[in-house]
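Visitor: I would like to learn how to read a model of this kind, one feature at a time. Could you show me the structure before we begin?

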Amino acid sequence: MLTLLFLGRLEDVAGGPERHVDVAAPVTLSQICAQFDADLAAQISDPTTKIALNGVIVAGDDWRAGDGDELAFLPPVSGG
Amino acid sequence: MRDVRLIERDFDPSREMAQFSAAHDAAGGIVSFLGQVRREAGDAAVDMLELRHFGPLTVPGMEALADRALAHWPLAGVMALHRVGQMRPGDAIVLVACAARHRRDAFAAADFLMDHLKSRAWFWKREHTAAGWRWIEPRDEDRADLARWAHIP
C-alpha cells in the first residue's frame, strides 16, 4: 500500500486529504499521475508543487515510491 | 536559546512574552510581533481561519529558520510560536520574539523571521466566509518581502 497525501488546495482537487493505492512494484510520478484525472495530474506535475517522499523533499524524477511509502504533494504555501 | 513550537489550541501571547522576557532579563531589548486572524477578506467577513501543516517539514523548517537568525544576528534568544487548526477572528496566529543586546538586531531578526514564516514556512491557510471555504494563494508581495533577505546565509 502506497499512501498519498494532498496538502492545501490539492485536498479539494483530489476529493480528500489522503488516498491509498496498491502498487505491485515501485512507481514513478508519471505512473501515479496516470491513475488521476487530468486536472489532478496536471496540478501534481506542476513545477510549483513540491513532493515529499517519506517526509523528505525529492526533486526531479529519479525516485520511485513503493509499498509502505508515503508520498505528499505540497502546493505553494500560503504562509502564516 | 531557541523556542520553536506548533500550537494546536488558543494560546495567551502575553503569558508567553512574560516567560520569554523573564528568561532573557539580561537582554537590552526584546522585539516581538503578534499576528492575529483578520476579520475580513476583501469585502467579506471571515468567521473562521484554518491553518494546516505537514508534520515532517513544518517544525524542522521553523527550527532551521530560527537557527539562521541566531547565526546571523547577535541574539540572546528567539521564540517562534505558530498556531495550526481552526481559529476565530482576533485569535493569535503567530508570535515571534527576539532578544538582543541592541534593538536593531532584534528588530531585523524579527522582521526576517516573519517574512519567512509568511511566505516560506510549510503552512496552508484557508478562510471561511459566507461564500464557503477558500484556500489562500501566495501573493507577489510575500515573494518580494522574501527577496529582501537573499543576502542572509
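Visitor: What is the mean pLDDT of chain B, and what share of its residues reach 70 or more?

Guide: The pLDDT is the predictor's confidence in each residue, on a scale from 0 to 100. For chain B the mean is 95, and 100% of its residues reach 70 or more. This is a predicted model, in which local features need pLDDT of at least 70 and side-chain atom pairs count only at pLDDT 80 or more, while totals for chains, interfaces and linings use all residues. Residues are numbered from 1 along each chain as its sequence is written, and chains are lettered from A and ligands numbered from 1 in the order in which they are written. For the complex, the predictor gives an ipTM of 0.91 and a pTM of 0.93.

Visitor: In what order do the four strands of the open sheet in chain B lie?

Guide: Strands (E, at least two residues) and helices (H or I, at least four residues) are DSSP runs, numbered from the N terminus, and two strands pair if DSSP finds at least two bridges between them. In chain B the order is 1-6-8-2, with mixed pairing. Strand 1 (2-7) and strand 2 (29-36) of chain B are the edge strands, each pairing on one side only.

Visitor: How many bridges join strand 6 to strand 8 of chain B?

Guide: Seven bridges join strand 6 (residues 75-83) to strand 8 (residues 92-100) of chain B, and the two run antiparallel. Within strand 8 of chain B, B:A97 is the residue opposite B:M79.

Visitor: Which residues make up the contact between the chains, by number from each?

Guide: Two residues are in contact if their C-beta atoms, placed from the backbone, lie within 7 Å. Here chain B gives 22 residues and chain A gives twelve residues. On the side of chain B that touches chain A, helix 2 (55-72), strand 8, helix 3 (103-119) and strand 9 (123-129) each supply at least two residues.

Visitor: Which elements does chain A contain, and why is chain A called as compact as a globular protein of its length?

Guide: Chain A has three helices and five strands, which run β-α-β-α-α-β-β-β from the N terminus on. The radius of gyration is taken over C-alpha atoms, and the globule rule is 2.2 Å times the number of residues to the power 0.38. For chain A the radius is 12 Å, close to the 12 Å that the rule gives for 80 residues, so chain A is as compact as a globular protein of that length.
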